[in-house]
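Here's a quick tour for anyone about to open the model in a viewer. Have the sequence and the structure side by side as you read.

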Amino acid sequence: MPDPDAPVIVWFRRDLRLADHPALHAAARSGRPVIPLYVLDETPGVRAPGAAARWWLDRSLRALAGDLQARGSQLILSRGVAAEIVADLAEETGAASVVWSRLYDGGAIVRDTALKAALKDSGMEAESFNAALLSEPWALKTKTGGTYKVFTPYLKALRASIGDMSLHDAPKRLRAPRSWPSSDDLDAWALHPRRPDWSTGFDGTPGEAGAQARLHHFIDQDLAEYARGRDVPAGDATSRLSAHLHWGEIGPRQVWRAAEAAAHRRPHLQASADKYLSELSWREFNHEILFHHPDLATANYKPAFDTFPWSDTHTALAAWKRGRTGYPMVDAGMRQLWATGVMHNRARMIAASFLIKHLLIDWRVGERWFWDTLVDADEANNPANWQWVAGSGADASPFFRIFSPMGQGERFDADGAYVRRWVPELAKLDARYIHAPWTAPDEVLARAGVTLGQTYPRPVVDHDAARRRALDAFKGLSSPLTPP
DNA sequence: TTTTGAGTTGTTCGA
DNA sequence: GTCGAACAACTCAAA
């Protein structure tokens, strides 16, 4: 007879919430004691979060621990090779089953598949659930049975697949086990930076409550202007839900439902809501791509790019990382990233395009920098978006699309507010010159207190020359149909 | 099977 | 100042 008091372990990973959490719901409904577990995983082959992401994780875990405590439960923390820790804890507590929410990066899939088999071998139940996606990455197929490689038809299929959106509420109370297993002290993990603490300018409110608040603020305040406002880095009418979604503090089904409901209540929001849901669907598309290409972060999706002659100019790379390229839009974005752990989407495209096309530096170098510095760095979105900019990705930007930092600045930061905020040494410069300070007359620069090459760098590369160089380099790529 | 139309986010040049 | 074409050629999805 199975022991009705044998607990269920809910292994939390990137699903740090209580509502719309099918695994937790199933555990609570079983009537068994529930042991919530988080493992700081050290499994080889599983990509560890970067420094900025660890800052977010620290706070999110504190929030989750508090939310669990309010339900009579306790978050158990452990560090090491996850499969060993989970299996050991299951044995120690006499658990009847282990449940979790599925992840879709290659390392996690290998780890979880092996663990599930091992648990079942030792007579336990193990079940995984979908909490992270609207649609499983294997679910949508083209009419000929293939996986989607172009976004627009993918979106069409995704929208057609969306049916019932009823979601589980957070459990009100979780049954505690007779005794709690021991837990690490979160402080001892030192996820929060010290000496120096570079996180003082970070914002965002990690945790489920913060995610809900952000969603409702976005729907109420910014959705109406989303279609236009999302492209203006200084105004920022974006949802800013990316980190919450990455850590699973909110699920895409909750977001989808809220946007649809808002458009239903106020029909004039429909166009903006559709635009937003299409952006949310890129997250789904990127996960589909990652699932079918586990090496997305290290290998060109389009192999034709394998022969691209990347440059390895360290000084230019250092200038890019530090926001000292001499191109104000690029520098503003990179400094916002460094200071806050976030970069506006428009600035990400400009900065990424600059690294790849102006400096001809391998997109993987940029991907790794973003991985370490973004609080929302995601196994699917980060490499997929870098490959999209590079032109090596799925449904990617064509190679001749080379962002002009000046043109983008004039279009999306006309008054220079974004540059003034993040590149304060240019704050007093007339808007006419703020995106190209080297074109300003000497007396204008002097009046603004700018000395090029001293207070603010001269451009690390000439835009026109870099553009021509990039077009030439891309032209040299062998066509996939050309015999070697 | 073959064909057809389409494909997130741009820039520059020349009429 | 505005506007269309060129920037290249390919792959994908569906008919």
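What follows looks at the sheet, then the cores, then the DNA side. Keep in mind that this is a predicted model.

**The sheet**

Let's start with five strands. They form an open sheet in the order S3-S2-S1-S4-S5, with parallel pairing. Strand S3 (76-80) and strand S5 (125-129) sit at the edges with a single partner strand each, so one side of each has no neighbour in the sheet. On average, neighbouring strands are turned by 25° against each other, direction ignored.

At one end of that order, strand S4 (residues 97-101) and S5 run parallel and are joined by 5 bridges. Ser97 is found opposite Glu125 in S5. Helix H3 (residues 82-93) packs on the sheet, where it touches strand S1 (8-12), strand S2 (34-41), S3 and S4. The direction of H3 makes about 155° with that of S2.

**The cores**

The largest nonpolar core runs to 108 residues, and Ile9, Val10, Leu37, Val86 and Val98 have the most contacts inside it. Helix H2 (residues 51-69) gives the largest share, 9 residues. Another core, of 17 residues, lies apart from it and includes Leu215, Tyr226, Leu241 and Ile250.

Which residues does Val98 touch, leaving out those up to four places away in sequence? They are Ile9, Trp11, Val86, Ala90, Leu119, Met124 and Ala126.

**The DNA side**

DNA strand B is surrounded by 17 residues, with Phe151, Thr152, Trp282, Arg401 and Gly407 the closest. By type, the residues of this surface are 8 nonpolar, 5 polar and 4 charged.

Note on methods:
Residues are numbered from 1 along each chain as its sequence is written. Chains are lettered from A and ligands numbered from 1 in the order in which they are written. This is a predicted model: local features need pLDDT of at least 70, side-chain atom pairs count only at pLDDT 80 or more; totals for chains, interfaces and linings use all residues. A residue is near a molecule or strand if its C-beta atom, placed from the backbone, lies within 6 Å of it. Ala, Val, Leu, Ile, Met, Phe, Trp, Tyr, Cys and Pro count as nonpolar, Asp, Glu, Lys and Arg as charged, and the others, Gly among them, as polar. A nonpolar core is a set of buried Ala, Val, Leu, Ile, Met, Phe, Trp, Tyr and Cys residues joined through C-beta atoms within 7 Å. A residue is buried if 20 or more other C-beta atoms lie within 10 Å of its own, exposed if 12 or fewer, and partly exposed in between; C-beta atoms are placed from the backbone. Helices (H or I, at least four residues) and strands (E, at least two) are DSSP runs, numbered from the N terminus. Two residues are in contact if their C-beta atoms, placed from the backbone, lie within 7 Å. Two strands pair if DSSP finds at least two bridges between them. Axes are lines fitted to C-alpha atoms, for helices over the stretch in contact, and angles run from 0 to 180 degrees between N-to-C directions.
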